[in-house]
Amino acid sequence: MQHRFIPDLDAEELARIQLKGLQWTVQHAFAGCPAYREKFEAAGLAPGDVQSLDDLTRLPLTSVEDLRAGYPLPLLSVPEEQVVRIHASSGTTGKRKVLAYTQADIDAWKVMMARCYELAGLTTLDRVQVCVGYGLWTAGAGFQLGCEHFGAMALPIGPGNMEIQMQLLTDLGTTCLCSTASMALLLGEEVEKYGLRDRLRLKACIFGAEPHSPKMRARFEQMLGIKHSFDISGMTELYGPGAGLECAAHEGIHYWADYYILEILDPETLTPVAPGEVGEMVVTTLCKQAAPLIRYRTRDLTRLLPGECSCGVGMPRHDKILGRSDDMIIFRGVNIYPGQIAAVLEKFADLSSEYQIQLTRKEGKDHLLLKVERREGAQAGGDADLAGKVGAVLHKALMARPVVEIVDPLTLPRTFGKTKRTVDERYE
Ligand code: AMP
Ligand code: ZN
């Protein structure tokens with residue numbers, strides 16, 4: 001299939017682009033960024049040492065601590081006169097991550113985002129309702145930029161504003177939504193509440209920024225009456241949203257490997273995991289000027305998907321992002337990821353996708369209370385029995401025993417942005 005924005009590269013061409021980009025990036029960072037230069041020198045490396053793609057693993061890793069150390073403009077590798085914009089991520093702890101962009105960086109980002117709209121099957125006649133935050137964050141800016149470059153019509157609403165969302169959805173006949181999974185759920189619930197589904201013309205939803213479960217996705221797809229939704233990856237450090245997108249075959253996320261190299265490393269040993277195994281995404285940009293990333297540890301967990309995709313797009317793929325290594329909960333000496341809990345909840349038809357983990361400490365002991373919403377339409381009478389069953393499966397799966405409470409549908413907190421699944425009050 002002929003694409004306007006997604007190039008058709010064979011493995012050899014891609015490798016050539018990657019090597020050229022890697023060599024350029026290392027030279028550029030060495031020349032322009034004292035922090036990178038110091039790291040290379042400490043590792044006994046000169047930029048000319050990168051002769052092949054295999055040399056990537058000899059380069060030192062970059063981490064969020066490097067971003068903090070360089071605050072407010074970390075990894076800056078160009079003279080400030082070339083910087084045209086900054087964005088920042090909310091950063092749950094410590095200082096914000098502020099990242100600078102040159103005009104060429106903005107242009108690269110808009111191409112990556114345009115590819116996402118293309119892969120989602122949009123045309124220039126589509127109407128794209130952007131329901132993510134505008135401003136300092138990358139989300140709104142990225143979806144908007146890419147939409148205009150792609151040539152579709154952007155409806156820049158931002159998150160929240162349910163009345164306006166519903167109005168534009170129906171009056172303008174929006175065909176594509178861009179939001180977090182949580183916001184898509186909320187929009188779906190609002191559509192359901194007011195019985196608007198028959199008045200919608202939605203055909204796609206591009207959602208990302210947080211992990212989702214199949215159940216959550218099926219629910220908003222059904223409530224919004226859409227055939228396809230597409231998981232989008234991205235992070236502020238790597239331009240913003242649009243680093244990759246799931247295709248219509250729904251067999252993983254195609255990522256733009258001509259813009260960055262993705263390694264999957266074991267977070268403990270920092271060596272590559274076996275092909276197809278889960279590990280931490282480590283990214284190296286190939287043409288990012290203002291704040292290049294060299295082996296940046298994202299903390300996101302996923303796996304590479306080997307082989308060709310049935311959709312015919314040659315860009316490589318990774319699985320959906322399963323969670324972040326820093327989301328890990330240590331409960332009575334056991335490591336638990338919220339995603340593991342979500343996976344168990346998937347198995348119970350009478351539960352909705354929405355859950356919250358509450359951690360408290362009483363009399364020197366940790367307690368984990370898992371609140372899960374009952375599915376709409378399911379009978380409340382069976383709550384105690386269901387909670388017992390869920391608890392037993394969780395006990396087996398996690399080797400830890402949470403207390404499970406089934407709550408009424410639509411009672412757990414909803415958000416326009418990323419849902420906070422864990423409330424940890426143990427050390428407050
Ligand atoms: P931000 O700091 O706002 O740029 O958010 C970037 C982070 O959001 C990533 O490092 C991931 O942890 C998370 N994220 C972004 N996209 C997804 C997605 N599609 N699925 C799961 N998590 C995501
Ligand atoms: Zn595909």
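## Burial and the model

A residue is called buried when its relative accessible area is under 20%, exposed when that area is over 50%, and partly exposed in between. Arg 414, with a relative accessible area of 24%, is therefore partly exposed. The structure described here is a predicted model.

## Salt bridges around Arg 414

A search of the whole structure finds 26 salt bridges. In one of them, the side chains of Glu 189 and Arg 414 meet at 2.9 Å, N to O. Glu 189 belongs to helix α7 (residues 181-193), while Arg 414 lies in the loop between β20 (403-407) and β21 (422-424), so this pair ties together parts that are 225 residues apart in sequence. Glu 189 counts as buried because its relative accessibility is 14%.

Arg 414 also forms a salt bridge with Glu 373, where the closest N and O atoms are 2.9 Å apart. Glu 373 lies in strand β19 (residues 365-374) and Arg 414 in the loop between β20 and β21, so the contact ties together parts 41 residues apart in sequence. With a relative accessibility of 2%, Glu 373 counts as buried. Elsewhere, Arg 361, Asp 366, Asp 424 and Arg 426 are joined into one network by salt bridges that share partners.

## Helices α7 and α8

A salt bridge of 3.5 Å, N to O, is formed by the side chains of Glu 192 and Arg 219. This pair links distant parts of the chain, since Glu 192 is in helix α7 and Arg 219 in helix α8, 27 residues apart. Glu 192 is partly exposed, at 38% relative accessibility, and Arg 219 is partly exposed too, with a relative accessible area of 25%.

Helix α8 spans residues 214-224, and its buried residues are Lys 215, Met 216, Arg 217, Phe 220, Glu 221, Met 223 and Leu 224. After α8 comes Gly 225, which has a positive phi near 65 degrees.

## The zinc site

The zinc ion (ligand 2) is coordinated at 2.1 to 2.3 Å by Cys 247 (SG), His 254 (NE2), Cys 309 (SG) and Cys 311 (SG). The angles among its four donor atoms run from 101 to 113 degrees, and the site is tetrahedral. For comparison, the ideal angle for four tetrahedral donors is 109.5 degrees.

Along the sequence, the donor residues of this zinc ion follow the spacing C-x6-H-x54-C-x1-C. Cys 309 is buried, with a relative accessible area of 7%, whereas Cys 311 counts as partly exposed at 32% relative accessibility.

## Aromatic pairs

The structure holds seven aromatic pairs. One of them is the tilted pair of Phe 5 and Phe 150, with 5.9 Å from centre to centre and 40 degrees between the planes. Phe 5 lies in the segment before α1 (11-32) and Phe 150 in helix α5, so the pair ties together parts that are 145 residues apart in sequence. Both Phe 5 and Phe 150 are buried.

The pair of Tyr 101 and Trp 109 is stacked, because the ring centres are 5.5 Å apart and the planes stand at 25 degrees. Tyr 101 and Trp 109 are both buried. Ring pairs also link Phe 5, Tyr 117 and Phe 150 into a cluster.

## A nonpolar surface patch

On the surface, Leu 73, Ile 86, Leu 136 and Trp 137 form a nonpolar patch that has about 300 Å² of accessible area together. Leu 136 is located in the loop between β3 (127-130) and α5 (138-150). Leu 136 is partly exposed, with a relative accessible area of 35%.

Definitions and conventions: Residues numbered from 1 in each chain as written. Chains lettered and ligands numbered in written order. Predicted model: local features only at pLDDT ≥ 70, side-chain atom pairs only at ≥ 80, totals over all residues. Heavy atoms only, no water. Patch = residues over 30% accessible without salt bridge, like charges linked within 9 Å, V, L, I, M, F, W, Y side chains within 5 Å. Areas by Shrake-Rupley, 256 points an atom, 1.4 Å probe, with all protein chains shown as cover. Salt bridge = Lys/Arg side-chain N within 4 Å of Asp/Glu carboxyl O. Helix = DSSP H or I, 4+ residues; strand = E, 2+ residues; numbered from the N terminus. Buried < 20%, exposed > 50% of the residue type's maximum accessible area, 1.4 Å probe, protein only. Donors = N, O, S within 2.8 Å, 3.2 Å for Na, K, Ca; no water. Tetrahedral: all angles 85-135°; square planar, octahedral: opposite > 155°, others 65-115°. Phe/Tyr/Trp six-rings, centres within 6.5 Å; stacked < 30°, edge-to-face > 60°.
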